[in-house]
Amino acid sequence: MQEVVIASVPGETPLEAAVRAYFHLMDELQEEVIVLYQEVKALPKEAKSYILEKERDMVRMLEEVISRSLPDMPAAKVAIIANNIFVEGQMWGFRRWILQRSFSLEEYIDHQVNVLLYGISEQQPLKSKEE
């Protein structure tokens with residue numbers, strides 16, 4: 001996915017390309033991701049830390065492409081969007097038993113990208129806890 005974050009794809013923004021690449025990766029690794037989350041509780045502390053760090057790395061890559069695509073977006077919003085993308089990609093594997101009845105992988109990705117682009121096009125500022 002890191003190569004997709006750097007490269008540009010004709011007809012797609014780098015953000016769209018990164019999201020699509022991540023969702024395809026999660027489709028390829030869905031069995032491993034499910035087993036990983038089922039077994040993570042039983043892993044030694046250092047193994048859990050390693051897995052958490054790899055998740056953080058993936059979210060950071062998403063944050064980088066979002067920040068480059070939308071340089072004026074506040075960091076807090078970038079972080080939320082990156083984490084949402086991360087979870088939505090994993091959702092394809094976790095909820096595949098129901099999602100795959102209604103959508104092909106490409107349809108699911110198209111819907112998720114559309115929701116993402118609609119959400120960021122609104123560009124509404126985040127309200128602080130004080131407001």
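Buried means under 20% relative accessible area, exposed over 50%, and partly exposed in between, with a 1.4 Å probe and protein chains only. The model is predicted: local features need pLDDT of at least 70, side-chain atom pairs count only at pLDDT 80 or more, and totals for chains, interfaces and linings use all residues. Residues are numbered from 1 along each chain as its sequence is written, and side-chain values use heavy atoms, with hydrogens and water left out.

View A. At 35% relative accessibility, Arg-60 is partly exposed. Arg-60 makes a salt bridge (a side-chain nitrogen of Lys or Arg within 4 Å of a carboxyl oxygen of Asp or Glu) with Glu-53, at 3.2 Å between the closest N and O atoms. A salt bridge of 2.6 Å, N to O, joins Arg-60 to Asp-57. Asp-57 and Arg-60 both belong to helix α4 (residues 45-69) and are three residues apart, about one turn of the helix. Helices are DSSP runs of H or I, at least four residues, numbered from the N terminus. An α-helix has 3.6 residues a turn, so residues three or four places apart point the same way. Glu-53, Lys-54, Arg-56, Asp-57 and Arg-60 are linked in a salt-bridge network.

**View B. The salt bridge of Arg-20 and Asp-110.** The side chains of these residues meet at 2.9 Å, N to O. The pair links distant parts of the chain, 90 residues apart: Arg-20 in helix α2 (residues 14-28) and Asp-110 in helix α7 (residues 105-122). Arg-20 is buried at 17% relative accessible area, while Asp-110 is partly exposed at 34%.

**View C. Buried residues of helix α5.** Among the buried residues of α5 are Val-78, Ile-81, Ile-85, Phe-86 and Trp-92.

Definitions and conventions
Helices (H or I, at least four residues) and strands (E, at least two) are DSSP runs, numbered from the N terminus.
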